Amino acid sequence: MPNLQHIKRRIGSVKNTQQITKAMKMVAAAKLKRAQDKILEARPYAQKMLSVLGNLSARVERESHPLLAKRGNKKIEVMIVTSDRGLCGAFNANIIRKSFEFLREKRAEGCEITLNAVGRKGRDFYRRRDFEIRKTLAGIFDRLSYQNASEIGIDIVESYEKGLFDELYVVYNEFKSAMQQRVIIEKLLPIEPSVQTEIGFAADYIFEPSAKVILHSLLPKHIEVQTFRILLESNASEYGARMTAMEAATKNAKELIKKLTLVYNRTRQSMITKELMDIINGSEALK
């Protein structure tokens, strides 16, 4: 028969855990609202900049700028964006699994691979694996700013221009809703020009100064903007995943408390019944 004190301690422990998960859910929900507003504001600008630069790059020679030039695909870098903390469901596990599959495919094709790990979870995972980590960055999501993206973007552009890698891919969680995030593998470099259609280019612009001059000014800025969008996507996805996970944990704790309370009451009732039977049997023996 279970010990009543042991069951009571377990109930108290689960109640404490429930209070923590409930508080974490409320904090994540508050932060999610701010993160969601930021990504919804950043997306239109990033998408329009990608569209305009894609159109611009289609009007110049690819070799006119290092960020447009194709140099092959034997040396690649993969930037893996994860969170710094856990307790967010399958958020990190999905990114790590998808990125690991992608890296194995590229390695099988004979590519030289370096990693750029943003977030502690991805960094810690790949430190224990046979991959070269060129750059790591952790602890930026608590106070995420454009400055963080600018520093990452500058490092990416300088490394690409030095020839450290030929292509850059980013693996991150795209924010869909609080309940849904999607793992994306996005090619960031070299920048692809817009595809020319039968009736010409997708859009027609008059440039002042020339398209080439504008590209040299905007292409590095474009990498920073897209990096910032990716970080915002990941940040909002993390809070959504954490809120959902903590909500599920709170619900599970509530169900466990009900079950333990039922076991406690049944055990207590059994003990009372046993004591009554002992008293009745003792009284019958004295007659």
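**View 1. Leu87, an exposed residue in a predicted model.** With a relative accessible area of 55%, Leu87 counts as exposed, because the cut-off for that word is over 50%. The residue sits in the loop that runs between β1 and α2 (91-108). Have a look at the backbone here too: Leu87 is not a glycine, yet its phi is positive, near 60°. For comparison, most residues other than glycine have a negative phi.

**View 2. The cis peptide bond from Leu189 to Pro190.** Omega for this bond is near -5°. As background, most peptide bonds are trans. Pro190 belongs to the loop between β5 and α5.

**View 3. Leu67 and its contacts.** Once neighbours within four places in sequence are set aside, Leu67 is in contact with Val157, Tyr160, Leu189, Pro190, Ile191, Leu219, Pro220 and Ile223.

**View 4. The largest nonpolar core, with 44 residues.** Leu67, Val81, Val118, Ile156, Leu189, Ile223 and Leu231 are the residues that touch the most other members. Elements giving two or more residues to this core are α1 (4-57), β1 (75-81), α4 (146-161), β4 (167-177), β5 (180-189) and α5 (211-286). Of these, α5 supplies the largest share, with twelve residues. In soluble globular proteins, nonpolar side chains tend to be buried together.

**View 5. Another core, apart from the largest one.** This core has 19 residues, including Cys111, Ile113, Leu115 and Tyr169.

Conventions: Residues are numbered from 1 along each chain as its sequence is written. This is a predicted model: local features need pLDDT of at least 70, side-chain atom pairs count only at pLDDT 80 or more; totals for chains, interfaces and linings use all residues. Side-chain values use heavy atoms; hydrogens and water are left out. A nonpolar core is a set of buried Ala, Val, Leu, Ile, Met, Phe, Trp, Tyr and Cys residues joined through side-chain atoms within 4.5 Å. Buried means under 20% relative accessible area, exposed over 50%, partly exposed in between (1.4 Å probe, protein chains only). Helices (H or I, at least four residues) and strands (E, at least two) are DSSP runs, numbered from the N terminus. Contact means heavy atoms within 4.5 Å.
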